[in-house]
Amino acid sequence: MRTDLHLPLTGVRNLGILAHVDAGKTTVTERILYATGTIHRRGEVHDGTTVTDFDSQERDRGITIFAAAVSCTWDGHRINLIDTPGHVDFSDEVERSLRVLDGAVVVFDAVAGVESQSESVWRQADRHRVPRIAFVNKLDRAGAELDKAVASIRDRLHPAPLVVQLPIGAENAFTGLVDLVRMRSLVWAGDSETFEAGPVPGALLEEARRRRRQLEEAVAELHPLALEEFCAESAVSAPTLASALRDLTRTGEGLVVLCGSAYRNRGIEPLLDAVVAYLPSPLDVPAVRGVQDGEEHERIADPSAPFAALVFKVVSASTGRLVYLRVYSGTIRKGEEVVDVGPRRTERISRILLVQADRHTELDQAVAGDIVAVIGVKSARVGATLCTPAAPVLLEPPPVAAPVVSVAVEARRTTDTERLVSALTRLVEEDPSLVVRNDPQTGQLVLSGMGELHLEVAVEKIRRSRGLDVALGRPKVSYRETVGRGVSGLLYRHVKQDGGAGQFAHVVLDVEPLEAVADFVFRSAVVGGRMPRDYVRAVEAGCRDALSEGPLGGHPVTGLRVTLTDGVTHSKDSSEMAFRTAGRLGLREALRASVMVLLEPVAEVAITVPENAMGGVLGDLAARRGRVSASVATAGTVVLTAAVPLAELFGYSDQLRSRTQGRGIFTTRPTGYAPVPAGARSR
């Protein structure tokens with residue numbers, strides 16, 4: 001049992017590893033664990049031997065599917081690290097992880113630079129205001145070029161990149177780095193796993209000095225103290241430079257860029273040094289905010305403050321139901337009671353575990369800044385807040401994306417139906433981006449998620465963990481409906497009298513499309529006190545109820561503004577219920593009178609194909625209603641970027657392999673919804 005986990009909060013780093021699929025993110029994580037002595041043998045993704053990709057599906061597919069937490073120590077600091085998925089279908093795992101992290105390392109491929117999912121995870125980190133440093137990986141690959149990768153970061157992500165290293169050698173001859181802050185070389189000779197520090201090689205000295213000068217000028221433009229020293233001394237000293245880089249990283253004004261080759265174990269130790277030097281501790285980030293009795297409160301990262309933690313992951317494991325927590329304030333000890341603030345349910349913490357992927361070490365307590373798993377919490381879901389009962393506060397949960405693809409699921413043996421329902425319920429509990437419902441028309445169970453692979457992995461998990469034989473229907477996308485041309489002055493009268501107090505509500509509604517990017521906006525233009533505020537709020541609630549089903553096909557309605565222009569009340573029969581009903585039925589009638597437009601989900605697709613196969617691929621994209629927006633040729637291959645309806649991408653991987661003799665690959669990124677052309681609704 002471990003009781004000696006805790007260091008001062010200044011010595012803790014909670015960070016995530018973010019990247020596009022195949023950029024080398026899991027290999028970076030594996031090399032970090034190896035460099036810190038946490039593991040004594042390096043695992044490989046292609047061998048299925050990495051620590052964080054421990055799930056059987058991850059090892060079979062060679063990709064990260066589930067966010068995995070590990071912990072290690074470096075230079076007197078404890079690093080709590082989460083290896084996140086890089087595939088777009090599992091972006092909700094990234095979202096939940098970013099909600100509880102203080103910093104991140106974003107990994108880029110030195111050949112490809114910024115890729116589609118690189119942009120997605122970057123925007124997610126922007127939303128959560130997570131400070132980042134960049135690691136340009138795979139410098140040993142043919143075609144690797146640091147400057148080109150940095151240019152793509154600047155052009156597509158728009159940070160201020162601050163490159164602090166210069167590669168020694170290129171491609172297969174990549175042997176080391178020049179540290180531009182301390183002006184020294186770090187060389188990994190042969191197959192050595194440790195570097196030797198020395199002076200900058202003479203052949204690179206002039207280039208290193210030029211780049212150091214560029215770094216000083218870039219930092220001086222952004223940091224006042226560095227600017228002051230630069231103006232006075234015509235240079236910036238290494239200590240001032242390091243301090244300025246730390247400040248710029250934590251404010252997000254600059255992006256420190258490092259480089260290396262994780263596979264060949266080159267550049268990992270300097271990356272760890274940068275994590276410790278530049279990324280924030282729990283004390284360096286703003287205090288978490290929550291709501292208590294309708295008022296906003298802060299909880300500072302202090303072990304002596306009242307306990308507050310956020311649940312960001314739930315897993316059913318052999319050791320029991322594991323609930324992953326980020327502890328924001330206070331201290332929790334095993335055996336203590338906490339309250340799940342949302343439903344106000346009391347839970348008991350029976351065990352506290354330090355997580356190393358699928359292995360665990362028992363702890364006596366967890367304090368502010370820790371990321372741990374607990375056992376004994378029976379009902380808390382992802383996004384729940386656990387607090388000390390004497391001082392509850394509700395923290396903001398991570399957002400959950402709406403599913404875009406659905407598939408019918410049924411057990412091949414009718415005797416397994418109840419087991420399937422139980423398994424799906426457990427699945428949804430672990431992954432909130434999955435939704436299960438009963439189709440009222442067919443009576444089938446329908447599983448919805450973020451993409452075809454997401455659903456495939458979920459169903460395969462049921463097959464493997466429960467031994468169920470499950471049949472799947474053809475995937476279907478989630479359509480939306482919106483208003484193309486609205487109506488004005490629609491009067492709806494709701495009058496009901498069946499003995500006793502009746503129901504009376506008259507509303508006048510205007511409906512119009514929204515030009516701004518928003519789902520729904522409601523406003524009241526009723527003047528003169530003709531309607532009490534409670535009735536106006538009831539009309540809004542009724543309108544929101546009506547958005548669940550549109551008139552075209554029962555799809556959710558989005559992108560409209562509803563204005564309540566007038567209303568009539570009755571002294572006895574009017575009520576909030578009556579006006580909510582009037583709002584719901586009135587908006588449904590208004591939508592039937594409007595010109596409605598069917599919307600379908602659209603994805604940006606990046607396709608890499610041999611030049612000689614481009615014609616066939618372009619023809620196939622056209623048949624799938626794809627619109628090509630860019631084409632970049634590099635070393636015998638072409639990267640095509642196109643917007644394609646998601647419904648047209650089912651089974652595309654097999655078609656692409658067939659047209660390119662197995663050499664074509666593609667990635668997707670959701671970009672929103674677009675109108676469906678007449679007669680073009682899915683294949």
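Mentor: What follows takes a pocket first, then the cavities, then a few single residues.

The model is a predicted one, in which local features need pLDDT of at least 70 and side-chain atom pairs count only at pLDDT 80 or more, while totals for chains, interfaces and linings use all residues. Residues are numbered from 1 along each chain as its sequence is written, and side-chain values use heavy atoms, with hydrogens and water left out.

The part to look at is the second largest pocket, with a volume of about 1,100 Å³. A pocket here is an open set of points on a 1 Å grid over the protein atoms alone, with protein on both sides within 12 Å along at least five of seven lines; a cavity is a set of points where a 1.4 Å probe fits but cannot get out, and lining residues have an atom within 4 Å of a point. Points are joined across faces, edges and corners, and the volume is the space filled by probe spheres set on them.

The lining of this pocket has 44 residues, and those nearest the centre are His128, Arg129, Val130, Val285 and Pro286. Sorted by class, the lining holds 23 nonpolar, six polar and 15 charged residues. For that sorting, Ala, Val, Leu, Ile, Met, Phe, Trp, Tyr, Cys and Pro are nonpolar, Asp, Glu, Lys and Arg are charged, and the others, Gly among them, are polar.

Several elements supply at least two lining residues each: helices H3 (91–98), H4 (116–127) and H8 (238–251), and strands S12 (288–292), S13 (295–299), S15 (320–329) and S24 (394–395). Helices (H or I, at least four residues) and strands (E, at least two) are DSSP runs numbered from the N terminus. Strand S12 gives the largest share of the pocket lining, four residues.

S12 also belongs to an open sheet of three strands, in the order S13-S12-S24 with antiparallel pairing. S13 and S24 are its edge strands, each pairing on one side only. Two strands count as paired if DSSP finds at least two bridges between them; S12 and S13, which run antiparallel, are joined by five. Across that pairing, Arg289 stands opposite Glu298 in S13. In general, strands of a sheet pair through backbone hydrogen bonds, either parallel or antiparallel.

Now the cavities. There are two of 30 Å³ or more. The largest holds about 50 Å³ of space, and its lining consists of Ala69, Val70, Ser71, Asn80, Leu81, Ile82, Leu354, Val355 and Ile371. Strands S2 (68–74), S3 (77–83) and S19 (351–356) give two or more residues to that lining. Seven of the residues are nonpolar, two are polar and none is charged.

The second largest cavity has a volume of about 30 Å³. Ala67, Glu93, Arg96, Ser97, Phe312 and Lys313 form its lining, divided into two nonpolar, one polar and three charged residues.

Ala357 has a positive phi of about 60° although it is not a glycine. Most residues other than glycine have a negative phi. Ala357 counts as buried because its relative accessibility is 3%, where buried means under 20% relative accessible area, exposed over 50% and partly exposed in between (1.4 Å probe, protein chains only). His158, in the loop between helix H5 (146–157) and strand S6 (161–163), likewise has a positive phi, about 65°, but His158 is exposed at 59% relative accessibility.

Leu649, in the loop between strand S37 (637–645) and helix H15 (652–659), is buried at 7%. Not counting residues up to four places away in sequence, Leu649 touches Glu452, Ala603, Val605, Arg624, Val644 and Thr668. The C-alpha atoms of Leu649 and Ala603 are separated by 8.9 Å, with the two residues 46 apart along the chain.

Conventions
Contact means heavy atoms within 4.5 Å.
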